[in-house]
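Colleague: Hi, could you walk me through this one? I'm new to it.

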Amino acid sequence: MSEQIIRADIIAADNEKRLAALKADYEALGAKLAREGVGIDAITDKVAQFFVAVPSWGVGTGGTRFARFPGPGEPRDIFDKLDDCAVIHQLTRATPTVSLHIPWDKVDDPRRLKAHADALGLGFDAMNSNTFSDAPGQEHSYKYGSLSHPDPATRRQAIEHNIECIEIGEAIGSKALTVWIGDGSNFPGQSNFTRSFERYLDAMKAIYKQLPDDWRIFSEHKMYEPAFYSTVVQDWGTNYLIATELGEKAYCLVDLGHHAPNVNIEMIVARLIQFRKLGGFHFNDSKYGDDDLDAGSIDPYRLFLVFNELVDAEHRRADDFHPAHMIDQSHNVTDPIESLIRSANEIRRAYAQALIVDRKALEEYQESNDALMASETLKSAFRTDVEPILAVARLNAGGAIDPVAAYRASGYRKAVGQERPAVSAGGGGIV
Ligand SMILES: [Mn+2]
């Protein structure tokens, strides 16, 4: 039995207030879905088995390029971060794993991380390396790049850091490494596109060689920022080339915020699935750039359309299809725990809506060129309020019917605000 941070009676009391209404709503939705030939309990079971990893850096207050406004009770170290992650999972039952960031989450002995996570009933998802900022005391600076840096010693240092991330990951049960680099240039002529990419590929091959057989490596593309003219791994095409060059354990990671506005991300997802190179996601939402807002908060339809591709792939049993689901967000004006609870729910909502799409009808409309009804088939699923399904999935697994309400009722933020004195560091930020 894992340690429960929020008292069970607080969750039970909040659930009790909402139970009768939920039962009625679930029954009504069940009747509606039954008329459409969909069994609600099967959907609820699938939703309950859908999980998404929380980023350790997401539980601290992030910031912008201009300022950071710390909130009360911010985690002081990775152990506090794991406690906050456990609260999210306890209430949502959707986030049993945490994705770590090295060196932000580095401790003297990784077995301490494992022991703390075990006690909380948490596991670890992909490890994230950091060669986009300089750690205190490191010999070579990443100001002008890391894995693609012109200086071989700087590249070597970046390679070794990634290998260290794998070693820490092995000690705590992780099975994947995510590599995102900030390498690029700010001005035309500053760097040679071809030589930079050659150096990057060579460095990634050196990391790949050290990857255990049962691990995967995810490369993450991003159009711009911190570099504003060119970026070495700037789009999914380059990312696909990387994954192909490296080998069968290499996959592409899609961060929803790392594309130009209006890019058809769901189509990128479909392409990567088709060619067996979709490694996973960093879920978040954005309006202008890499805004790192809560998943589904700006464009829930886009999130649904991404999940429509995932469920389509699941439905036709696509080859080598087992994407990692992770959140990557930065919270500037909300309580990070509340934002992550909301995102986990929104991600499950998109999944549930995609599950109730009438795929047979959709295919028939596609084959007969009935554009209106094909589009309407998706819209009809998207319009369905699946909240009762999400709430019952949480409730049956021991979570909260309304996780944000239960969290607020628990007074957790106030309590950790008293226990944890404000710190200036802590490794938040936008990645
Ligand atoms: Mn990301």
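Colleague: Where does proline 226 lie?

Modeller: Proline 226 sits in the loop between β7 and β8 (230–231). Strands here are DSSP runs of E with at least two residues, and helices are runs of H or I with at least four, numbered from the N terminus. This is a predicted model, where local features need pLDDT of at least 70, side-chain atom pairs count only at pLDDT 80 or more, and totals for chains, interfaces and linings use all residues. Residues are numbered from 1 along each chain as its sequence is written.

Colleague: And what kind of peptide bond joins glutamate 225 and proline 226?

Modeller: A cis one, with omega about 10 degrees. Most peptide bonds are trans. Isoleucine 102 and proline 103 are also joined by a cis bond, with omega about 15 degrees. Proline 103 is in the loop between β2 (97–99) and α4 (110–120).

Colleague: New topic: what is phi of asparagine 262?

Modeller: Near 75 degrees, a positive value in a residue other than glycine. Asparagine 262 belongs to the loop between β9 and α8 (265–274).

Colleague: Is asparagine 262 buried or exposed, and why?

Modeller: Exposed, because asparagine 262 has 7 C-beta neighbours inside 10 Å. Buried takes 20 or more other C-beta atoms within 10 Å of a residue's own, exposed 12 or fewer, and partly exposed is in between, with C-beta atoms placed from the backbone.

Colleague: Which residues are buried in α6?

Modeller: Ser196, Arg199, Tyr200, Ala203, Met204, Ile207 and Tyr208. An α-helix has 3.6 residues a turn, so residues three or four places apart point the same way.
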